[in-house]
Every structure is written in structure tokens, then in C-alpha cells.
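Keep the model open as you read. We will go residue by residue, then out to the helices and the cores.

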Amino acid sequence: MNSIFNYGTDHLTIGICLDIAAGKTKGIINADADKAIRASWREVEKIVHAQHPVYGINTGFGPLCDTRISEADTSLLQCNILKSHSVGVGNPIPQEIAKLMLITKVQALAQGYSGVAPETLQRIIWHIDHDIIPVVPEKGSVGASGDLAPLSHLFLPLIGLGEVYENNERIPAGQLLKKYNLQPLILGPKEGLALINGTQFILAFAVKAVQRLDDALNRADLIGALSLEGLMGSARPFDARLHAIRPFKGTKMVADRLFTLLTGSEINSSHVNCDRVQDPYSLRCMPQVHGASRNAWLHLKELTEIELNSVTDNPVIFNADDTISGGNFHGQPLALPLDYATVAAAELGNIADRRCYLMSEGRYGLPKLLTQDAGLNSGLMIPQYTTAALVTENKTLCFPASADSVPTSLGQEDHVSMGSISGRKLHQVIDNLEYIQAIELLYAAQAVDFRRPLKSTPVIEAIHAKVREHVPHIQDDRVFADDINNLHQLITKGSLLAIANETAIHHQINLSHDEFGIY
């Protein structure tokens, strides 16, 4: 552990959230947060004893909000809601996403507006610290009264039900509690509702998507620059003066990165006086296309960070006489930017596919299909079929889930966000994008081979060398799926970005822009 984060009082960023999940930072409840939590908890007790109706504390849920619950049954009510709302189906979500759900839920509840007991929060933190993660099905949330189904599964282990992962093994939660000599919690008034009301399923997917899309955007510039070198494209379209007169943040950033990456390249300087007037859009419009996706990412990052520090359950407890049953649990504020980011991720794949096609055409001094013996060898004909298939699959995933709404809860919840689907679809698109980028990397490295003995710049040469450590130059046909999978691992394990960043630092090349960080 390198640092401490104070739940409920410190500002949670995407980077810190991911660090807590990775065990690099420890989250705790400090004295100030504990005081606020206990104060809110006592206000709920006052509501129960006063017996005036407050939604979800001494009434039923949803369309049963007018049904009064006796003081004696308030605890049973909270236990029942976890059981009855655990209706998720499908495969379990990744353990990291479930852990992010726990972290973001503690941050929301620890602000002292939810009426939960301190012991409940400490039990959730115990799960985080011991990396004992509940099993949560991927489907079943409409993202409106919060992510009811997945959050119910997330917190079943608190009452000894459901399943958890321990050392990647799925075991019943009751068995796990016995192993650690822990008793199931007896939930107090409001606690079950506070646990399952909220956007933490959507939010966890958004947090991870911000990180993954950030990596994909950084790779897009690096691989795009390698492709441009292979195609002997011009760096002139990345001149800062051009983008100063159309100053979108993302566009300016990408142009600056590309210009920096290409400055001093032997390949680039070898054709400055050639007769090509302009390059195809997939080369010269990288700042505009990659940059637009960066703008979408920046929007998602900003809204995700707001949500990370928000209270999203219902009702919100200001004091025993001042409770508000509102809609802070509604997922629309994240559903829309998640859908927007899905299109942004898909567009990175679209333009990468076009560059792959361009490199296979046999233009600009490159051999057709990037092989010297085309005919006997098909060369890099078919990998572009895969990028074409993947970009089309991504297009089908770009329909905005947030554009739909199916009323639930007998019409009480008559507009829902479907943001949970938005979050899951974004990750599917990024999954495909990572394979598309691996294939473009295969093409770009092969194209640069035909520009030897000319060299590019240190960062681009380091990337090319890294590729060649894993995939040799293509002389004759082979099983290209193996090459694609090798480069996909290079991408998903972070090795490509790592070598680029290390080389940039070593040569004092600035590729970072603070506004686009996640901390």
C-alpha cells in the first residue's frame, strides 16, 4: 500500500478508484466520515420510532410505496429486498468491475446521507481489502432505480447469501463467512434500499471504460503514426497553426502528439518534396477523427468523476424531518456519455481499418498486399477481412441503449435509462477495437520494413522493434491468427504503451497532456 484514501471525505478520481481496486491504495473511513455516517444512521432510527411514513424505511418499495411496514418488520423488509431483487442473469461480470462497484458504493454511502450502519460499511471494506468479491450476473439492470439487480447480488454476501470469489474460486457466501468466523449482517432500516439504490454497476463499467478507452486512444496515435510512416504520409496536416484556428481540445492534442512523434524522422523527411498533393483522410484527418473520440472520452471522464463523488441512493436523508425521495439513482447522466463513447471507440476502429486497406493496395511504393511474392502468397489480404468484420460488428453495437425505455414497477418507474447496457456495450466495442489495432500494427510494421534503411523517430522505432520481438517480418504465408493474437497480447498487457512511454521519457519527448489524465 502506497497511500490512503478517505471514503466520503476525499475526492475520488478514476485513477484512485482503479488504484484501490488494484491494492495500490487503501480506502478507509476516517473520523469525519464516521461522524457523518453515524449521524445519518441515528436520523433513520428517529424516523422509525416516529412512525411517519418515509419511502423504503417504513413503506414498501416501488408500486408498494403506500404500504406501511411495522417497526418490528423494518429489518426484515431490508433483508427481503436484497433477496427479491436478486434476479440477474447471464455470465458473471469481471471481478475487477464488481470490486469497483464495492468501492464506488462505499464512497457514496460514506458521505452520510444514506442512513447505513458503520458496521455495514466496514464489512464492505473488508471484502475490498481481502479481495473477496461477490459474483454478480451481467444482465438484469435497466439503470433507473439504480442498478437494482446487480447491486442486490453484490450485497447478498452481507447477509450470508449468494456467491463470492476467493482466489478466483467461486464459493457460497455462507461458507466463506464461516471460514472467517463472521456472522451475516442484520440490516437495519433503510440499509437494504441504500445498498441497492444507486448507479454503481453503470459507474464501475464507466470507470474501467475510461481507462481502457484512454489506452486505446493513445495507441491509435502511435499505431497511426507508424502506419503513416509506412505509407510515407505527410506530417504537414499536424501543424499546430492549422489546429489553432479550429481549436477543439482533442484535435489539438492529437495533432501535437503526431507532429511530435514524426519530428526528426528520416522516412518523413525523405519525401517532403514529392508530388503527392495530399494524403487520404485516414492519414491526414487523424487529428480530427482521433481527436473527436478524445473529446467524447473527456466528456465521459468528467461526468464519471462527478458520479464517483455523488450520492445516488433514495431517499436521501438530511435529517429525520427532512428526507427527499427523488431520482439521484437514475442512470441517464452516465448512459448518454457511455453511448457517445461507444461511437467514439467504434470510430477509432473504422479509421484503423481504412489504413489497413490503404497499406494493402500496393500504393506509394509498397508491394501489393505487403508481400514481395503476391500470387503464390496471399500476404496480408485476409487480416483486413477481420477488421472489416469487427468494425461492422461495432457499428451494430452503436445503437444507443439510452434511446430506449421500457416502463417497469407497474408504471411507477416509467422512464428508465438502460445505462447498464450502454456500459456493457462500450466494453464489447473496445474488445473488438483492441483486435483491430493489433491488425493495424501488423500491417504498419510490415509497411515500415519496406522503407529501410530509412529510420523513423525513437518512439516509432521502439514500437516497431517491439513488434518484431513478437512477430517476424512476413516473407511467406503463415497462420496470421498467431501473429494477431501475439500483437493483441502486446496491446492488452500494456507493453506497447509502456515501451512508447519509456522511450519518450528517455529521449525527453513530451507525449502527455495533463487535462487528459485520469488522476
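Ser-86 has 18% relative accessibility, so Ser-86 counts as buried; the term means under 20% relative accessible area, with exposed over 50% and partly exposed in between (1.4 Å probe, protein chains only). Ser-86 sits in the loop between helix 3 (74-84) and strand 3 (89-92). Helices (H or I, at least four residues) and strands (E, at least two) are DSSP runs, numbered from the N terminus. The side chain of Ser-86 reaches the backbone oxygen of Leu-82 at 2.6 Å. Leaving out residues up to four places away in sequence, Ser-86 touches Ser-152, His-153 and Leu-156; contact means heavy atoms within 4.5 Å.

A word on the source. This is a predicted model, in which local features need pLDDT of at least 70 and side-chain atom pairs count only at pLDDT 80 or more, while totals for chains, interfaces and linings use all residues. Residues are numbered from 1 along each chain as its sequence is written, and side-chain values use heavy atoms, with hydrogens and water left out.

Now go to helix 1, residues 14-22. Seven of its nine residues are buried. They are Ile-14, Gly-15, Cys-17, Leu-18, Asp-19, Ile-20 and Ala-21. These buried residues pack against several elements, including strand 1 (3-6), strand 2 (25-28), helix 4 (95-109) and helix 9 (200-230). Just after helix 1, Gly-23 takes a positive phi of about 80°.

Helix 4 is one of those partners. Its 15 residues reach 21 Å from first C-alpha to last, close to the expected 21 Å. That expected span is 1.5 Å times one less than the number of residues. Helix 4 is largely enclosed by the rest of the structure, because 13 of its 15 residues are buried.

Next, the cores. A nonpolar core is a set of buried Ala, Val, Leu, Ile, Met, Phe, Trp, Tyr and Cys residues joined through side-chain atoms within 4.5 Å. The largest has 78 residues, and Tyr-7, Ile-124, Phe-155 and Leu-213 touch the most other members. Helix 9 gives this core its largest share, 13 residues. A second, separate core of 47 residues includes Leu-441, Ile-460, Val-467 and Ile-474.

Finish at Val-429, in helix 17 (residues 419-449). Val-429 counts as buried because its relative accessibility is 0%. Beyond neighbours within four places in sequence, Val-429 is in contact with Thr-342, Ala-345, Ala-346, Asn-394 and Leu-397. Phe-399 is 30 residues from Val-429 in sequence and 12 Å away in space, C-alpha to C-alpha.

Technical notes. A polar contact is a pair of N or O atoms within 3.5 Å; within protein, one must be able to donate a hydrogen and the other to accept it, and residues adjacent in sequence count only if both atoms are side-chain atoms.
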